[in-house]
Amino acid sequence: MSRAYRYPDSDTPKRGPWYLLTGFILGALMGLVYAWVISPVEYVDTPPASLRADFKDHYRMMTALAYAADKDLPRARARLALLGDEDSAQTLAIQAQRALAEGSSQTEAQVLGLLAAALGQAPTPVPVTTSGNGTGQANQLPMTPAAIKTRDVSGEATPELAVTPRPEITIPPMAEQVTFIPLPSRTPTATPGAPFMLQSRQFICDPTLKLSLLQIQVFDASGQPVPGVQAMVTCSAMEKCQDSFFTGLKPELGLGYADFSMTPEITYTLRLGEGGQPISDLTPAECQTSRAERYWGSWLLTFNQP
Amino acid sequence: MKRWLGFAIVILVGITAGLYYGWVINPVRYVDTTPTTLRIDYKSDYVLMVAEAYRVDKRLDQSMRRLGFLGAKSPLDSVQEAIIFATQKGYTDSDLAQMRALEKAVQTWNPALKQVTP
C-alpha cells in the first residue's frame, strides 16, 4: 500500500482534484453574484449612439428642427454624428419617408428632408483630433455640438460661430478632444414667389423599376435642384385620394428628385407647391420588353422656375 | 492545509476568469438605453435643440413634451441643469439666451391654461 495515493491524515482513498473545479465554480459564481446582484451595471453617462432606435429617431428629429431654426449645418452634422449612423443623410431621408407614411406632421417630414438634402450636398467637414489640452490634463468630456459652436480655434469663447473659410488650420492647446472645422454651406430652397412650371413630361419604360412611379425633378431658375418642395397628388373623381411628397428625400437620386408610387388604372393629377399648375391625366401605362414581357412604365415630370 | 490553499487559489482564479470574461471577452455594450442615462453634455445639447426649436415655433406644449424626452426630472430642472452646464462650459451668449428664454417660458407654463386646438 502506497501512502502517495492517500491523504496524509486519513485512510480515505484520494478522490482526485474535484475540489479544484468546485472552487473554480464557486469563484465564478461569486463573481457573477457581485456583478449581477451586489453591484449590477447601471447605465450612466451614455452617448446618444447607444439610444434605442425610437429615441434615436426623436434625437434626429430634434436635430432637424434645430437645423431648421438656426441653419447651422456643421452643428447639425456633429449632432447626427453622435448617433453613429453610417449615412446620416440616408437615414434622415428614410425617417422622413417613414414619417410621411405614418401620417406624422408634414413639417416634421419636411425638416428631416431638408436636413437630409443639405447633408447630401454639403462638403464634409475635416475632423481634427487633438489628444489633450497641451498641459498634460486629460479631458473629462469630449466636445459636444453646442460646445463646437462656442469656441473657435483660438480656444476662446466667441459669441457667434465663425463660418468663413480658414486658409490654414492651427491647433493651439485646447481642452477639447475633438472639434470640427465648420465650413460654409448654403441650403438651396425654393425661390419664393415664382411657381414652378412644367418643362417636360416624359413616359419612361424602365424594366428595372419595380413599381410604376410618378417621378419629378425640380430645378430653380439657375438650374440647381431644389429640395423640400411639396408635391400634391390627387386621384380621379372615382378614386378619391390625396397625398403629398417632398423633393430631396432621396438625395442619392438628386436633391430635386421625388417620386410617388402609382396604382394601375388610377388617373392622377399633380400640383407642385402652392399655386402650381395642375398636371393631369397621369396614368400608369404598360411597357414591353424585347421578350414580350409586360411591365408598368413611369412618368417623369421636370419642373423649373422661370 | 495545502488542500485549502489550493481551494482558495482556484476560487480566486474563478473570480478572475469571470471578471476577464465580463470585462475583456464579452464586455458590457450599451444598447437600447434611454435618454435619462445620457451624459450631461449630451443632455445640455438636447435642451439647446429644444430651445432653438422653441425660438422659432413658440409652441410651449410641444417643447414640454420634447423636454420630457429626458425622463425623470421635471422639464424645468432639465433646463436649469443644462444652463448651469452651458455656463460652465462657455456656450455662446446666443445659445445661453435661447436656453434662458426657454427656462423663462417653462417657469410660466401652466397646463391648465393651455389653449385647446381643434
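**The sheet in chain A**

I started with the strands and found four of them in an open, antiparallel sheet, in the order β6-β5-β8-β9 of chain A. Helices (H or I, at least four residues) and strands (E, at least two) are DSSP runs here, numbered from the N terminus. Two strands count as paired if DSSP finds at least two bridges between them. I noted β6 and β9 (278-282) of chain A as the edge strands, each pairing on one side only. From one strand to the next, the twist averages 25 degrees; the axes are lines fitted to C-alpha atoms, for helices over the stretch in contact, and angles run from 0 to 180 degrees between N-to-C directions.

Before going further I noted the ground rules. This is a predicted model, where local features need pLDDT of at least 70, side-chain atom pairs count only at pLDDT 80 or more, and totals for chains, interfaces and linings use all residues. Residues are numbered from 1 along each chain as its sequence is written, while chains are lettered from A and ligands numbered from 1 in the order in which they are written.

**Around β5**

Next I followed β5(A), residues 230-235, to its partners. Five bridges join β5(A) to β6(A), residues 242-246, and the two run antiparallel. On that side I found Gln230(A) bridged to Phe246(A). Five bridges also join β5(A) to β8(A), residues 268-272, again antiparallel. There, Thr234(A) has Thr269(A) as its bridge partner, and Cys235(A) stands opposite Tyr268(A).

**Where the chains meet**

I then turned to the contact, which takes 44 residues from chain A and 45 residues from chain B; two residues are in contact if their C-beta atoms, placed from the backbone, lie within 7 Å. On the chain A side, α1 (18-38), α2 (53-70) and α6 (145-150) each supply at least two residues. The largest share, 12 residues, comes from α1(A). I sorted the chain A side into 27 nonpolar, 10 polar and seven charged residues; Ala, Val, Leu, Ile, Met, Phe, Trp, Tyr, Cys and Pro count as nonpolar, Asp, Glu, Lys and Arg as charged, and the others, Gly among them, as polar.

**Confidence**

Last, I checked the predictor's scores: the complex has an ipTM of 0.81 and a pTM of 0.59. Chain B has a mean pLDDT of 87, with 92% of its residues at 70 or more; pLDDT is the predictor's confidence in each residue, from 0 to 100.
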